[in-house]
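Dear colleague,

Please find below the structure that I am handing over to you, shown together with its sequence. My notes on what was found in it follow directly after.

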Amino acid sequence: QVQLVESGGGSVQSGGSLRLSCAASRYTASTLCMGWFRQVPGKEREGVAAIRSDGSTTYVADSVKGRFTISQDNAENTLYLQMNSLRLEDTAIYYCAAKTRGFSCSGSPLLFDTWGQGTRVTVSS
């Protein structure tokens, strides 16, 4: 089964940038969709962006459109989330996830079956 490890989180000032990485081990051809999600205490985990194994972005949350970009390096089995123009409301624990079953690829966390441990992003003013 694929294993995911996020990195790149940290503290950044509002307006700054950060790039998150998600290293996948035991990656298989059945992993057709991966995504980034975020969660804050008291809130439901929400989708940030999703991407198919062919490199096509299938979902970007309205709240991050124009600021965040999801991408992947298949040769390195690594998923990225480039975050620009960060805002206070972007503060959250960010998770990467894989969907190994089915053919859909969306921003719903309920559809993903394998998760990383999360990396914290804190945006300050």
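F37, Y95, F112 and W115 form one aromatic cluster. Here, rings of Phe, Tyr and Trp (its six-membered ring) pair if their centres lie within 6.5 Å; planes under 30 degrees apart count as stacked, over 60 as edge-to-face and the rest as tilted.

Please note that this is a predicted model, in which local features need pLDDT of at least 70 and side-chain atom pairs count only at pLDDT 80 or more, while totals for chains, interfaces and linings use all residues. Residues are numbered from 1 along each chain as its sequence is written, and side-chain values use heavy atoms, with hydrogens and water left out.

The aromatic cluster

In the whole structure, the search finds 4 aromatic pairs. One of them is tilted, because the rings of F37 and W115 have their planes at 55°, with centres 4.9 Å apart. This pair links distant parts of the chain, 78 residues apart: F37 belongs to strand β4 (residues 33-39) and W115 to strand β10 (residues 114-115). Strands (E, at least two residues) and helices (H or I, at least four) are DSSP runs, numbered from the N terminus. F37 has a relative accessible area of 0% and is buried, whereas W115, at 27%, is partly exposed. Buried means under 20% relative accessible area, exposed over 50%, and partly exposed in between (1.4 Å probe, protein chains only).

W115 also pairs with Y95: the ring centres are 6.4 Å apart and the planes stand at 80°, so this pair is edge-to-face. Y95 lies in strand β9 (residues 92-99) and W115 in strand β10, so the pair ties together parts 20 residues apart in sequence. With a relative accessibility of 13%, Y95 counts as buried.

The chain as a whole

The protein chain has 11 strands and 0 helices, and its pattern along the sequence is β-β-β-β-β-β-β-β-β-β-β. Its radius of gyration is 13 Å, close to the 14 Å that the globule rule gives for 125 residues, so the chain is as compact as a globular protein of that length. That radius is taken over C-alpha atoms, and the globule rule is 2.2 Å times the number of residues to the power 0.38. The C-alpha trace spans about 40 × 25 × 25 Å along its principal axes.

Of the 125 residues in the protein chain, 42% are buried. Among contacts (heavy atoms within 4.5 Å) between residues at least 6 apart in sequence, 58% join residues at least 24 apart.

Strand β8 and its partners

Strand β8 (residues 78-83) is joined to strand β7 (residues 68-73) by 6 bridges, and the two run antiparallel. Two strands pair if DSSP finds at least two bridges between them. Within this pairing, Q72 stands opposite L79, and L81 is the bridge partner of I70. Strand β3 (residues 18-25) likewise pairs with β8 in the antiparallel sense, over 6 bridges, and there S21 stands opposite Y80. Because 5 of its 6 residues are buried, β8 is largely enclosed by the rest of the structure.

Loops on either side of β8

The hairpin of β7 and β8 has 4 residues between the strands. N77 is found in that loop, and its phi is near 55°, a positive value in a residue other than glycine. N77 counts as partly exposed, at 31% relative accessibility. In the loop between β8 and β9 lies S85. The phi of S85 is near 50°, again a positive value in a residue other than glycine, and S85 is partly exposed at 41% relative accessibility.

Yours sincerely
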